[in-house]
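I opened this notebook to record what I looked up on strand pairing and nonpolar packing. The entries follow in the order of the search.

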Amino acid sequence: MITYFYHQRIRKAVATFGALFNNIYVLRNDSSGKTISQVRVPLSYAPKRSFLDRIAQTYNGEESERLVAVKLPRMSFEITSIGYDSTRQLTKSKKALSGIDGTVGTFNQYVPYTISFQLNIYAKSQDDALQAVEQIIPYFNPHYSLTIKPFENFPDVKEDVPLTLSSVSFSDDYEGSLEQRRIIVYTLDFEMKVNFYTNISSDDAVIRQTTLDFGIINNNNENVALDRLETTLDPLDVTRDSDFGFTDTWTDLQG
């Protein structure tokens, strides 16, 4: 039976990706090389096609007074695909966790996926676009590693998330009249390795007694128990955080 859970893995991946590129600046210089302005490049989550349509849109009459054209430079990003990554799959197993409130839980081994992102840089001039591009590329050689905490209530659990820059391309499709806005677009494709987890089940039970039989296999290929070791907690009514010992009892099963 499936139990409801939501670790916000994709949402956190989007927020992490956007935070990396939210501090890009473009400088404007005069003929003497003196900086006359510094512009922070806005970043938003949106499809590339929507931005190109909005930038290329023209307005007339009263409509032009109410609407403001998109200012450049600007950046946008979006998820382009999510695919299973079989190269990182591990054997199925369970892991125990200790929470910040003293709770204990277990979860199954993660399922690896690759999320592909596309970052688009829009500019009116090559210099503006290249300034933004060169503030990004040097950090990827070819990947940039992030360390995140996938579970809010279990801060001891950390994982490394590699972000790889797989390709860089650009387009300059300006062929229109002088009144038409020129749009230069640099497209950077990334791959982020993300792990997905099942629900975290609570595990408050304490094992209070174990039984272990020792024996042999006889000539008839049958298991024959000879001795039994029973281990019991002392005291028996302990909790997980209590101090306790063990009592071992041996029993001769052949006597």
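Which residue in β13 does F214 stand opposite? I found D227 in that position. I note at the outset that the model is predicted.

Entry on the sheet. I traced the pairing around F214 and D227. Strand β13 covers residues 223-234 and pairs with β12 in the antiparallel sense over nine bridges. I then followed the sheet as a whole: it is open, has three strands in the order β12-β13-β14, and is antiparallel in its pairing. β12 (209-217) and β14 (245-252) each have a single partner strand and stand at the edges, so one side of each lacks a neighbour in the sheet. On average, neighbouring strands here are turned by 20° against each other, direction ignored.

Entry on the largest core. I next looked up the nonpolar cores. The largest holds 30 residues, and F17, F21, F117, L119, I136 and F190 have the most contacts inside it. At least two of its residues come from each of α1 (9-20), β4 (74-84), β7 (111-123), α4 (126-134), β9 (159-172) and β10 (184-196). The most is given by β10, with six residues.

Entry on F17. Which residues is F17 in contact with, leaving aside its neighbours within four places in sequence? I listed F77, F117, L119, L163, F190 and M192.

Entry on the second core. I found a separate core of seven residues, with A46, F51, L52 and V185 among them.

Conventions: Residues are numbered from 1 along each chain as its sequence is written. This is a predicted model: local features need pLDDT of at least 70, side-chain atom pairs count only at pLDDT 80 or more; totals for chains, interfaces and linings use all residues. Side-chain values use heavy atoms; hydrogens and water are left out. Two strands pair if DSSP finds at least two bridges between them. Helices (H or I, at least four residues) and strands (E, at least two) are DSSP runs, numbered from the N terminus. Axes are lines fitted to C-alpha atoms, for helices over the stretch in contact, and angles run from 0 to 180 degrees between N-to-C directions. A nonpolar core is a set of buried Ala, Val, Leu, Ile, Met, Phe, Trp, Tyr and Cys residues joined through side-chain atoms within 4.5 Å. Buried means under 20% relative accessible area, exposed over 50%, partly exposed in between (1.4 Å probe, protein chains only). Contact means heavy atoms within 4.5 Å.
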